[in-house]
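Dear colleague,

Please find below the sequence and the structure that I am handing over to you. My notes on what was found follow directly after them.

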Amino acid sequence: MLGELNKKEIVDLLKSQFIGRLGCHANSKTYIVPINYVYQNNAIYAHSGEGKKIEMLRKNPRVCFQVDEVESMFKWKSAILWGTFEELKDMERQQAMQGLILRIMPNTNDPGRDPSHAISPELRNSLIVYRINIEEGTGRFESHEEQ
């Protein structure tokens, strides 16, 4: 059976996952990249070092975000959201960073080790912490009962 996810089901999917794909567009190019994230209060919170993604987001803050949960070819959920990129500063930045650390670290293979994308204490201050303010979204699912 194919169907649409309602708003609660989309929120539940966003809360259950921690890796999604962020799509940005600037200078006639589209760029899609996986990110670690935390969902809270109708927003996606994430971090990044300086680079292509941040450069593009600063030029055009309108983004698309996609997350899914795939159990099999015939049992999956997927949501696509649209929103606006916003860099966080000061206390908001610190709170978002703490939330990201608490969400990401338990999901690493080695919780005692910093992930390769630099949440290490010495690099935290150079990271850009941002929020995607969600404006709209849609979700789909497929679920077939086993015979």
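**The nonpolar cores**

The largest nonpolar core holds 28 residues, of which Leu14, Leu22, Ile35, Tyr37, Ile44, Phe65 and Tyr130 touch the most other members. At least two residues of this core come from each of helix 1 (7–16), strand 2 (19–26), strand 3 (29–36), strand 5 (43–48), helix 2 (52–59), strand 6 (62–72), strand 7 (75–87) and strand 8 (128–143). Strand 8 contributes the most, namely five residues. Another core lies apart from it and has eleven residues, including Val38, Ala43, Leu88 and Met97.

A nonpolar core is here a set of buried Ala, Val, Leu, Ile, Met, Phe, Trp, Tyr and Cys residues joined through side-chain atoms within 4.5 Å. Buried stands for under 20% relative accessible area, exposed for over 50%, and partly exposed for what is in between (1.4 Å probe, protein chains only). Helices (H or I, at least four residues) and strands (E, at least two) are DSSP runs numbered from the N terminus.

Please note that the model is predicted: local features need pLDDT of at least 70, side-chain atom pairs count only at pLDDT 80 or more, and totals for chains, interfaces and linings use all residues. Residues are numbered from 1 along each chain as its sequence is written, and side-chain values use heavy atoms, with hydrogens and water left out.

**Contacts of single residues**

With residues up to four places away in sequence not counted, Ile35 is in contact (heavy atoms within 4.5 Å) with Phe18, Ile19, Gly20, Leu22, Ala46, Lys53, Phe65 and Tyr130. Ala26, in strand 2, is buried at 7% relative accessibility. The C-alpha atoms of Ala26 and Pro61 are 9.2 Å apart in space, while the two residues are 35 apart in sequence.

**Aromatic rings and cysteines**

The count of aromatic pairs comes to two. Rings of Phe, Tyr and Trp (its six-membered ring) pair if their centres lie within 6.5 Å; planes under 30 degrees apart count as stacked, over 60 as edge-to-face, and the rest as tilted.

Tyr37 and Phe65 form an edge-to-face pair, at 5.1 Å centre to centre and 80° between the planes. Tyr37 lies in the loop between strand 3 and strand 4 (38–40) and Phe65 in strand 6, so this pair ties together parts that are 28 residues apart in sequence. Both Tyr37 and Phe65 are buried.

Phe85 and Tyr130 form a tilted pair, with 5.4 Å between the centres and 50° between the planes. This pair links distant parts of the chain, as Phe85 is in strand 7 and Tyr130 in strand 8, 45 residues apart. Phe85 is buried with a relative accessible area of 9%, and Tyr130 is buried with 0%.

A disulfide is a pair of cysteine sulfur atoms within 2.5 Å, and the count of disulfides is zero. Cys24 is buried at 2% relative accessible area, whereas Cys64 is partly exposed at 25%.

**The chain as a whole**

Three helices and eight strands make up the elements of the chain, in the order β-α-β-β-β-β-α-β-β-α-β from the N terminus. Of the 147 residues, 40% are buried. Among contacts between residues at least 6 apart in sequence, 71% join residues at least 24 apart.

With kind regards
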